[in-house]
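Take a look at the chain shown here.

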Amino acid sequence: MTAMPSGSIRPDDSLMCSIAVTGTGFAAGVGMEEGADVEWQVPEETAVAFEYNGRSHAVMMATPADLENFALGFSLAEEIVGTAADIEKIAVRETPLGFVLNLTVDPLRLLRGSLRSRSMEGRSGCGLCGVDSLVHAVREPRKIETSLEVEPAAVAAAFRALPDHQPMNRANRSVHAAAWCAPDGSIRLAREDVGRHNALDKLIGAIAASGADPAGGFVVMTSRCSFELVQKTAAVGIPLLATISAPTALALELARNANLTLGALSRRDTVILFR
């Protein structure tokens with residue numbers, strides 16, 4: 001198995017995607033009078049267009065960071081390609097309207113039916129905006145063939161450590177994080193974005209770029225567990241996904257069909273694993 005990477009904290013990236021704004025604070029606090037001016041960091045959110053061999057596929061609203069990871073992870077998680085090696089080149093181009101991610105892929109390596117065009121933008125909180133039919137909305141996830149022994153205490157340890165791997169959120173308190181962890185709960189890679197599914201895409205891309213085996217670790221996220229997170233996690237073979245809140249009924253059904261274990265924090269700060 002490829003060694004797990006380390007060094008998930010990238011403080012130089014944090015302020016790049018936050019903008020300082022001023023407002024008026026009306027809730028009295030320590031050292032702040034009612035009506036005092038306050039400064040706040042807000043996250044950037046911009047349009048990111050995906051093109052494959054020059055053909056437009058989707059436009060997502062996302063945090064403009066880790067865009068090559070985003071391109072790679074989205075392609076794998078949406079099952080557009082089967083492996084990172086199928087992508088020959090990723091070009092990131094900034095435009096006045098946002099960013100364009102142009103991926104060059106051998107047409108023979110594209111998975112059949114994977115480039116259904118989306119008819120509208122994908123908002124930062126939506127994982128399937130623009131999908132053109134119900135058949136394409138809830139695809140059956142891949143079955144996970146490997147297992148990973150993870151103790152609930154390791155999942156709890158990962159959640160406790162997660163804030164230390166969220167430099168953007170420390171600045172603006174507004175973005176989601178996804179982290180890939182070793183079986184003992186130590187965090188190896190983490191990515192952030194205004195959209196939970198974008199954060200997971202970026203994390204999947206970072207794992208793939210590192211050359212590590214996704215099945216050798218598990219993921220924790222600062223969001224609820226919706227069905228598209230299950231689809232993306234299963235697509236790359238990660239055997240356990242834990243989120244701050246409990247999964248939806250559909251997410252749990254799909255996870256069980258895929259042999260994916262889901263986890264969540266309970267109100268008493270203990271971990272529940274749904275098998």
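## Terms and confidence

A contact means that heavy atoms lie within 4.5 Å of each other. Axes are lines fitted to C-alpha atoms, and angles run from 0 to 180 degrees between N-to-C directions.

The model is predicted. Its average pLDDT is 86. Of the residues, 81% score at least 70. One stretch needs care: residues 6-15 keep a pLDDT under 50. For residues 6-15 the model has 20 contacts beyond four places in sequence. Where pLDDT is low, the predicted coordinates should not be read in detail.

## The four-stranded sheet

Start with the open sheet of four strands. Its order is β4-β3-β6-β5, and the pairing is mixed. Strands β4 (55-62) and β5 stand at the edges. Each has a single partner strand, so one side of each is left without a neighbour in the sheet. From one strand to the next, the twist averages 20 degrees.

Now look at one pair inside this sheet. Strand β3 covers residues 46-52, and strand β6 covers residues 98-105. They run parallel and share six bridges. E51 has N102 in β6 as its bridge partner.

Helix α1 lies across β3, β4, β5 and β6. Its direction makes about 55 degrees with β3.

## The six-stranded sheet

The other sheet to find is also open, with six strands. The order is β8-β7-β9-β10-β11-β12, again with mixed pairing. Here β8 (187-193) and β12 (271-274) are the edge strands. Each pairs with a single strand, so one side of each has no neighbour in the sheet. The twist averages 20 degrees from one strand to the next.

Strand β11 (residues 261-265) is joined to β12 by four bridges, and the two run antiparallel. L262 stands opposite F274 in β12.

Helix α5 (residues 196-210) packs on this sheet. It touches β7, β8 and β9 (218-221). The direction of α5 makes about 140 degrees with that of β8.

## A covered helix

How many residues of helix α6 (residues 227-235) are buried? Nine of its nine are, and the helix is mostly covered. Among the buried residues are F227, L229 and V230. The list also includes E228, Q231 and K232. After α6 comes G237, with a positive phi near 85 degrees.

## Two positive phi values

Most residues other than glycine have a negative phi. Two residues in this chain deserve a look here. E79 is not a glycine, yet its phi is positive, at about 60 degrees. E79 sits in the loop between α1 (67-77) and β5 (87-95). R173 is also a residue other than glycine, and its phi is positive, near 55 degrees. Its place is the loop between α4 (167-172) and β7 (176-181).

R173 has a relative accessible area of 62%, so R173 is exposed: the cut-off for exposed is over 50%.

## Cysteines

How many disulfides does the model contain? The count is zero. To be counted, a pair of cysteine sulfur atoms must lie within 2.5 Å.

C181 is buried, with a relative accessible area of 0%. C225 is buried too, at 1% relative accessibility.

Conventions. Residues numbered from 1 in each chain as written. Predicted model: local features only at pLDDT ≥ 70, side-chain atom pairs only at ≥ 80, totals over all residues. Heavy atoms only, no water. Buried < 20%, exposed > 50% of the residue type's maximum accessible area, 1.4 Å probe, protein only. pLDDT = per-residue confidence, 0-100. Pairing = 2+ DSSP bridges.
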